[in-house]
Amino acid sequence: MIEILEAADLPRARAAGALVAHILQTLKSRTAVGTNLLEIDQWAKAMILEAGGKSSYVDYAPAFGRGPFGHYICTSVNDAVLHGLPHDYALVDGDLLSLDLAVSQQGLVADSAISFIVGEAQPAESLALIDVTERALRAGIAAACPGARVGDLSHAIGTVLTEAGYSVNTEFGGHGVGTTMHQDPHIANIGRPGRGFTLRPGLLLALEPWIMADTDKLITDKDGWTLRSATGCRTAHSEHTIAITESGAEILTAPR
Ligand code: MG
């Protein structure tokens, strides 16, 4: 299913995006050496509920996961890259943490992910991973406008990732967003320009480049959710929800 919003719906989408951006930035500012992933989950829960939002994750039970997710945010540390299940772990200096959050506000979902280093240590390889996913995300957004094809976005994202020397996994990528978290079209993180669905005003898309330092293979943690790099290498993930408008793309989850 692909949903196209009316122009009158855009303020609600902006509200959802602003809430997700605010929560992620607040969580980033509170997170320090010693912060437990379960604390981050509880902080996210409190902020979502206080704002009258609805978690897109708590009851989420897709075929690739084990039962309902049961938590409010994905916390992926170091070799964990996607769907990181919050668990009893206290962050240490130099950990690479990815937070992925999707919330419904007034009936519309916004979805965003940030990656950052915890504490004082700033490992160069980890910073490079984060930088390339952020650059790929910007390239994908820059390619998004009415008339562009989904393949144009995939190509823009994939070009940044591959030119930086990373191989791209195509099992998970970006997606349409609307009244539910995951909709068509799927937006792979690599692809051919000129192919796929033609973007039009009113379409909401979540673009989410993610990368693993030395592999494109994933393994599933014994928790049934967390996806880790097959080699144990570090990983990074960056995501924004954008709205296609008459004049281009508006980033709904941009930090303010
Ligand atoms: Mg997400």
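The questions below concern a predicted model.

Q: How many helices and strands does the protein chain have?
A: There are four helices and 14 strands.

Q: What share of the residues in the protein chain is buried?
A: Of the 256 residues, 56% are buried. The exposed surface comes to about 10400 Å², with 53% of it supplied by carbon and sulfur atoms.

Q: Among contacts between residues at least 6 apart in sequence, what share joins residues at least 24 apart?
A: The share is 68%.

Q: How do you know that the span of helix 4 agrees with 1.5 Å a residue?
A: The expected span is 1.5 Å times one less than the number of residues. Helix 4 covers residues 150–163, so its 14 residues should span 20 Å. Its end C-alpha atoms are 20 Å apart, which agrees.

Q: Which elements do the buried residues of helix 4 pack against?
A: They pack against helix 3 (124–142), strand 7 (183–187), strand 8 (204–207) and strand 9 (210–212). The buried residues of helix 4 include V150, L153, I157 and L161. An α-helix has 3.6 residues a turn, so residues three or four places apart point the same way.

Q: How does the reach of helix 3 compare with what is expected at 1.5 Å a residue?
A: Helix 3 has 19 residues and reaches 27 Å from first C-alpha to last, close to the expected 27 Å. Its buried residues include L129, I130, V132 and T133.

Q: Why is L129 called buried?
A: Buried means under 20% relative accessible area. L129 has 0%, so L129 is buried. This residue lies in helix 3. Leaving aside neighbours within four places in sequence, its contacts include L96, Y166, I211 and R234. L252 is 123 residues from L129 in sequence, and their C-alpha atoms are 24 Å apart.

Q: Why does E171 count as exposed?
A: Exposed means over 50% relative accessible area. E171 has 53%, so E171 counts as exposed. It sits in the loop between helix 4 and strand 6 (174–177). Twelve residues along the chain is Q183, with 15 Å between the two C-alpha atoms.

Q: Why is N78 buried rather than exposed?
A: The limit for buried is under 20%. N78 has a relative accessible area of 15%, so N78 is buried. Its place is the loop between strand 2 (74–77) and strand 3 (80–82).

Q: Is the peptide bond from D184 to P185 cis or trans?
A: That bond is cis, with omega near 0°. P185 belongs to strand 7.

Note on methods: Residues are numbered from 1 along each chain as its sequence is written. This is a predicted model: local features need pLDDT of at least 70, side-chain atom pairs count only at pLDDT 80 or more; totals for chains, interfaces and linings use all residues. Side-chain values use heavy atoms; hydrogens and water are left out. Helices (H or I, at least four residues) and strands (E, at least two) are DSSP runs, numbered from the N terminus. Buried means under 20% relative accessible area, exposed over 50%, partly exposed in between (1.4 Å probe, protein chains only). Contact means heavy atoms within 4.5 Å. Accessible areas come from the Shrake-Rupley method with a 1.4 Å probe; for residues, only the protein chains shown count as cover.
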